[in-house]
Amino acid sequence: MSTPLYTIIGTPFSTFTRSITLALVHKGIPFTQVRCVPHSDTAYDNHLFGFLPTLVIHKIDGKTVNLKLRETAAIARYIDRIAPQPSLLISPGHGKAIIEEQLWEFVSLVGAHGFPAVEKGVVKPRVAAIDGGKLTDSAVREQIKPAVEHLTRLLSKVEELMADEGYVFGSQLSWADFFLFPLLADLKAVPEGELLSPRLVNWMAEMNKLEAVKATTPGTLSVGARPP
């Protein structure tokens, strides 16, 4: 059996790593995965600043290169170029999209604003409190109240950009879905998942039907995992 041409560096617990593995599985691209946390020795060996993920491209046109491609946006564009089908891009008329670039606008907003609001503001403090076992639920809620209020506003803004039904951009599954889903899967795994609107809950139900979602669920917060 031949060795896959690609290795993804990053723990399944990482939401950005999962965005990429979702796409690799969906497009049928074989890969191996080296599980590591951000700012570990392995992470720094593969990313200048120790972030996740890195995609190691072992061969190009049959020549061994072991190229390290960093940053999810760059990796996503590479994946689209080598495996354009099934497409994760959109066309005008998909959902509320008027131009194709609105897909990357959504992805950028999720990464720049959604990640800190969901993970740093709510999920990580909640998980730390659960694992610590010292604070009551009411104490945790009081502690993260400002972050929850901010997240509530953010989720409302995100929903405004989404189609009324189906995926983020309606009938077309896209990178927007694969960048948003890991964050909201983490949120749904903690009590603050109650913030999810009926539209977002229905969207998640559709996403959970995907084989790529099922294949990348092990090792995530949604099944009770913790960082290695």
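This is a predicted model: local features need pLDDT of at least 70, side-chain atom pairs count only at pLDDT 80 or more; totals for chains, interfaces and linings use all residues.

Reader: Fine. Which residues does UniProt list for "domain: GST N-terminal"?

Author: UniProt gives residues 4–87, from an unreviewed entry. That span is 35% helix and 26% strand. Its end C-alpha atoms lie 21 Å apart.

Reader: And "domain: GST C-terminal", which residues there?

Author: Residues 97–228, again from an unreviewed UniProt entry. This span is 64% helix and 0% strand. Its end C-alpha atoms are 39 Å apart.

Reader: Sheet next. What is the strand order?

Author: The order is β2-β1-β3-β4. The sheet is open, has four strands and shows mixed pairing.

Reader: Which strands stand at the edges?

Author: β2 (32–34) and β4 (63–70). Each has a single partner strand, so one side of each has no neighbour in the sheet. From one strand to the next, the twist averages 20°.

Reader: How many bridges hold β3 and β4?

Author: Six, in the antiparallel sense. Strand β3 covers residues 54–60. I60 has K63 of β4 as its bridge partner. K59 is bridged to T64, also in β4.

Reader: What about the hairpin, how many residues sit between the strands?

Author: Two. D61, in that hairpin, takes a positive phi near 55°.

Reader: Which strands does helix α1 touch?

Author: Helix α1 (residues 15–26) packs on the sheet and touches β1 (6–9) and β2. Its direction makes about 155° with that of β1.

Reader: And helix α3, what does that touch?

Author: Helix α3 (residues 72–82) also packs on the sheet, touching β1, β3 and β4. The direction of α3 makes about 135° with that of β4.

Reader: Which residues of α3 are buried?

Author: T72, I75, A76, Y78, I79 and D80. These buried residues pack against β1, α1, β3, β4, α4 and α7 (175–188).

Reader: Pick L184. What is it in contact with, leaving aside neighbours within four places in sequence?

Author: L155, L196, L200, W203 and M204.

Reader: Now charges. How many salt bridges in the whole structure?

Author: Eight. One of them joins D131 and R226, with the closest N and O atoms 2.8 Å apart.

Reader: What does the D131 and R226 pair tie together?

Author: D131 lies in helix α4, and R226 lies in the segment after α9 (211–215). The pair therefore ties together parts that are 95 residues apart in sequence.

Reader: Is D131 buried, exposed or partly exposed?

Author: D131 is partly exposed, with a relative accessible area of 47%. R226 is partly exposed too, with 33%.

Reader: What about D137, what does its side chain meet?

Author: The side chain of R141, in a salt bridge of 2.8 Å, N to O. D137 and R141 are four residues apart in helix α5 (residues 137–143), so about one helical turn separates them. D137 counts as partly exposed at 37% relative accessibility. R141 counts as partly exposed at 31%.

Reader: And K209, which partner does it have?

Author: E206, at 2.9 Å, N to O. K209 counts as exposed at 54% relative accessibility, and E206 as partly exposed at 31%.

Reader: Good. That's what I needed.

Methods. Residues are numbered from 1 along each chain as its sequence is written. Side-chain values use heavy atoms; hydrogens and water are left out. Contact means heavy atoms within 4.5 Å. UniProt positions are given in the numbering used here, feature names are shortened, and annotations may be inferred rather than shown by experiment. A salt bridge is a side-chain nitrogen of Lys or Arg within 4 Å of a carboxyl oxygen of Asp or Glu. Buried means under 20% relative accessible area, exposed over 50%, partly exposed in between (1.4 Å probe, protein chains only). Two strands pair if DSSP finds at least two bridges between them. Axes are lines fitted to C-alpha atoms, for helices over the stretch in contact, and angles run from 0 to 180 degrees between N-to-C directions.
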